[in-house]
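Colleague: I would like to go through the labels on this model. Tell me what each one rests on.

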Amino acid sequence: MAKALADNGNPSAVHAAGRRARARVETARAQVADLVGADPTAIIFSSGGTESNAQAIHSALAAGCERLIVGATEHPCVAEAATASGAQVEVLPVDANGVVDLAWLAEALAHPGRAVVAIHHANNESGVIQPIAEAAALVRAAGGWLHVDAIQSVGKIPVTMRALGADSLTLSAHKLGGPQGVGALVLKDGVSAVRILHGAGQERGLRAGTENVPGITGFGVAADCAARDLDAAGAHVVWRDAAEAKVKAAGATIIGGAVERLPNTLFMAVEGWDSPQQLITLDLVGVMVSAGSACSSGKVKPSKAISAMGLHHLATGGVRVSGGWGTTEADWTRFADAWVAAWDKHKARLQERVKEVA
């Protein structure tokens, strides 16, 4: 990326610096395509997953889809893009483990109107992996379009366009260890996209704007590293499970723990201890985790995933713990020990308050 920044060529230019920039972009395109088993011509670089998800939905509607069926636990950038499209939106429910209801989907697809179905490969909160291949068979039989947000899963588990059976798929570089602000839309052979940014003819006329050469370069290298290190990513499951056993024994509920999840993700909740409080408490001892939902204007928003599973009493207490390429077994152990100690102190404070009131 530093070399690309120093060179500073425009990949649309025909001079030497422009040709070097173009070579960097096309090398990265091949690297990203290899990661997901796609043809390089199927890759459209973008500013990130949000833009690519929006482009996929617009493309499906432009291709003749009349209805949108969106998973109940989809990322907001998919759910809100669907709503903003103006098309009819139906919510695909999930079961108590966060897995989409395929029987409901089959029945919905039997209704009139060609549908675009949006299901993420793995949930961004729980890491629960969806039965994409089975959903793809249903969508294909109904003549619909299946869009898969694979941002959370790529680089953690093997992901290929052929195995999933998706018509379109989205990626984001920063989830692979690459830079922020760059992503990609991947299209199945024979599937076309429409542009949502207008201007010059970059990305085969499908995404206007000068390409982010340093970001795209970093995306390509990250894709190579992710493919190389898939086995290392899988090793997290043992460390995650050991940490999970500790927090579960202390009283945490594991969200989606009964089904297949990403190996690096633990989503947990407790009643009576809001997620922002947990995050701050852990951060003060040097442990950085994420809330299952965002905190806005001092108000705790319930976790979308937990609520969709029907666990409303836990929806404000969700914490997502995820390991990355540099996370070690010791990090997982430290998290579990820190959380258990903090939870014990929190319960003790609650008991003291009860005594004071009494």
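Colleague: Which residues have the most contacts inside the largest nonpolar core?

Modeller: First, the basis: this is a predicted model, where local features need pLDDT of at least 70 and side-chain atom pairs count only at pLDDT 80 or more, while totals for chains, interfaces and linings use all residues. Residues are numbered from 1 along each chain as its sequence is written, and side-chain values use heavy atoms, with hydrogens and water left out. Now the core. Those with the most contacts inside it are Phe 45, Ile 119, Leu 169, Leu 171, Val 186 and Phe 219. The core has 52 residues.

Colleague: What makes a set of residues a nonpolar core?

Modeller: The members are buried Ala, Val, Leu, Ile, Met, Phe, Trp, Tyr and Cys residues, joined through side-chain atoms within 4.5 Å. Buried means under 20% relative accessible area, exposed over 50%, and partly exposed in between, with a 1.4 Å probe and protein chains only.

Colleague: Which residues does Phe 45 touch?

Modeller: Among them are Val 25, Val 32, Ala 184, Ile 216 and Phe 219, leaving aside residues up to four places away in sequence. Contact means heavy atoms within 4.5 Å.

Colleague: Why is strand β6 called largely enclosed?

Modeller: Five of the five residues of β6 (168–172) are buried, so the rest of the structure largely encloses it. Strands (E, at least two residues) and helices (H or I, at least four) are DSSP runs, numbered from the N terminus. Ser 168, Thr 170 and Ser 172 point one way, Leu 169 and Leu 171 the other.

Colleague: How many bridges join β6 to β7?

Modeller: Five, and the two strands run antiparallel. Two strands pair if DSSP finds at least two bridges between them, so five is enough. Leu 171 stands opposite Ala 184 in β7. On β5 (145–149), the pairing with β6 is parallel, over three bridges.

Colleague: Why are β8 and β10 at the edges of their sheet?

Modeller: The open sheet has four strands in the order β8-β9-β13-β10, with antiparallel pairing. β8 (253–254) and β10 (290–291) each have a single partner strand, so one side of each is left without a neighbour in the sheet.

Colleague: How do you know that Cys 65 is in no disulfide?

Modeller: A disulfide is a pair of cysteine sulfur atoms within 2.5 Å. By this rule the count comes to zero. For Cys 65, the nearest cysteine sulfur is that of Cys 77, 18 Å away. That is too far for a bond. Cys 65 is buried, at 6% relative accessible area, and Cys 77 is buried at 13%.

Colleague: What makes Arg 24 and Asp 7 a salt bridge?

Modeller: The rule asks for a side-chain nitrogen of Lys or Arg within 4 Å of a carboxyl oxygen of Asp or Glu. Here the closest N and O atoms are 3.1 Å apart, so the pair qualifies. Arg 24 lies in helix α2 (16–35) and Asp 7 in helix α1 (2–7), so the pair ties together parts that are 17 residues apart in sequence. Arg 24 is partly exposed at 24%, and Asp 7 is partly exposed at 23%.

Colleague: How far apart are the closest N and O atoms of Glu 244 and Arg 240?

Modeller: They are 3.9 Å apart, so this pair also counts under the 4 Å rule. Glu 244 is buried at 12%, and Arg 240 is buried at 4%. Arg 261 and Glu 244 meet in a salt bridge too, at 2.9 Å from N to O.

Colleague: Why is Gly 272 called exposed?

Modeller: Its relative accessible area is 52%. Gly 272 is found in the loop between β9 and α11.
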